[in-house]
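Trainee: Could you take me through this model feature by feature, giving the general idea behind each one and then the case at hand?

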Amino acid sequence: MINVQALSKKFGDNLVLSDITTSVKKGEVVAIIGPSGSGKSTFLRCLNLLETPTSGTIEINGKNLTASKKEIHKIRQQIGMVFQHFHLFPHMTVLENLMYAPVKAKGTNKNEAREKAQQLLKRVGLAQKASAYPNSLSGGQKQRVAIARALAMEPQLMLFDEPTSALDPEMVKEVLEVMKDLAKTGMTMVVVTHEMGFAREVADRVLFLDHCILVEEGHPAAFFQRPESERARDFLDKVL
Ligand code: ADP
Ligand code: MG
């Protein structure tokens, strides 16, 4: 589904991603881990062109993302993204947050969008919050709304950038549960995370980034038990 070839990204003279080549299959859950500043967010943002690669190519479903502007718009609609800090629309109710993009960007009719939104809220356990405003919700609830909102566009791929890092510890689990359920439905997911338990348990593959380089990737069981690189061993020693 995703094919990344020799992807590099510079901000000015600062090399942030160096020659990254990897791929993600349909239905796969890939966890990206690594120290702060290693390029994880930039990599994720390149996948839906929130950042423009300096060189290299990214294909999604066989379409070259870096090629045509027309395609980008269409491809982006198929990619959901969830951020650390939720980014909900504060002046809209929860239901309106979920209805906005389908109605505006896809032309879904309002009744259909509302019905779908209600289903999704039920799925993330927040049916009773449909008419609440985001600022009345807990962090965990906000993030579950953000996930539901991304799903309202019926994406083929979901990107998560540290979705639980801004949450109080007692709320991490409820968000990870929603993500786990989503993984079980066969959704293709790329998740930047510091939750090693989630990576180990839910991911099909782990990518370890350090200093702009994809140092190693592998099955979580192998990676966590016997990382091949010194850098991954050092990192795991610090976080586990
Ligand atoms: P991570 O998510 O692994 O913590 P990032 O991808 O956010 O790492 O950042 C990698 C490097 O790129 C850091 O040195 C960061 O300062 C730099 N960087 C990220 N975004 C920008 C930007 N918009 N402009 C300039 N430098 C950036
Ligand atoms: Mg980051």
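Trainee: Which residue forms a salt bridge with glutamate 28, and how far apart are the closest N and O atoms?

Mentor: A salt bridge here is a side-chain nitrogen of Lys or Arg within 4 Å of a carboxyl oxygen of Asp or Glu, and glutamate 28 forms one with arginine 205, the closest N and O atoms being 2.9 Å apart. Glutamate 28 lies in the loop between strand S2 (14–24) and strand S3 (29–33), while arginine 205 lies in strand S9 (residues 205–210), so the pair ties together parts that are 177 residues apart in sequence. Helices (H or I, at least four residues) and strands (E, at least two) are DSSP runs, numbered from the N terminus. Please keep in mind that this is a predicted model, in which local features need pLDDT of at least 70 and side-chain atom pairs count only at pLDDT 80 or more, whereas totals for chains, interfaces and linings use all residues. Residues are numbered from 1 along each chain as its sequence is written, chains are lettered from A and ligands numbered from 1 in the order in which they are written, and side-chain values use heavy atoms, with hydrogens and water left out.

Trainee: Are glutamate 28 and arginine 205 buried or exposed?

Mentor: Buried means under 20% relative accessible area, exposed over 50%, and partly exposed in between (1.4 Å probe, protein chains only). Glutamate 28 is buried at 10%, and arginine 205 is buried at 14%. Glu28 and Arg205 are also linked with Glu217 in a network of salt bridges.

Trainee: How many salt bridges does a search of the whole structure find?

Mentor: The search finds eleven, including one between glutamate 154 and lysine 106, with an N to O distance of 3.7 Å. Glutamate 154 is placed in the loop between helix H5 (139–151) and strand S7 (157–161) and lysine 106 in helix H3 (residues 94–106), so this pair ties together parts 48 residues apart in sequence. A further bridge joins glutamate 177 to lysine 180 at 3.4 Å; being three residues apart in helix H6 (residues 169–184), these two are separated by about one helical turn. Glutamate 177 is partly exposed, with a relative accessible area of 33%, whereas lysine 180 is buried at 19%.

Trainee: What does serine 38 touch, not counting residues up to four places away in sequence?

Mentor: Contact means heavy atoms within 4.5 Å, and on that basis serine 38 touches Val16, Leu209, Asp210, His211 and Cys212. Serine 38 sits in the loop between S3 and helix H1 (40–47) and counts as buried, at 2% relative accessibility. The side chain of serine 38 also reaches the backbone oxygen of proline 35 at 2.6 Å.

Trainee: Which residues have the most contacts inside the largest nonpolar core?

Mentor: In soluble globular proteins, nonpolar side chains tend to be buried together. A nonpolar core is a set of buried Ala, Val, Leu, Ile, Met, Phe, Trp, Tyr and Cys residues joined through side-chain atoms within 4.5 Å. The largest one has 52 residues, and those with the most contacts inside it are Ile147, Met158, Phe160, Met179 and Met189. H6 gives the most to this core, with eight residues. A second, separate core of 29 residues includes Leu47, Leu49, Leu159 and Leu209.

Trainee: What share of the 240 residues in the chain is buried?

Mentor: Buried residues make up 51% of them, in a chain with nine helices and ten strands.

Note on methods: Polar contact = N/O pair within 3.5 Å; in protein donor to acceptor, adjacent residues only side chain to side chain.
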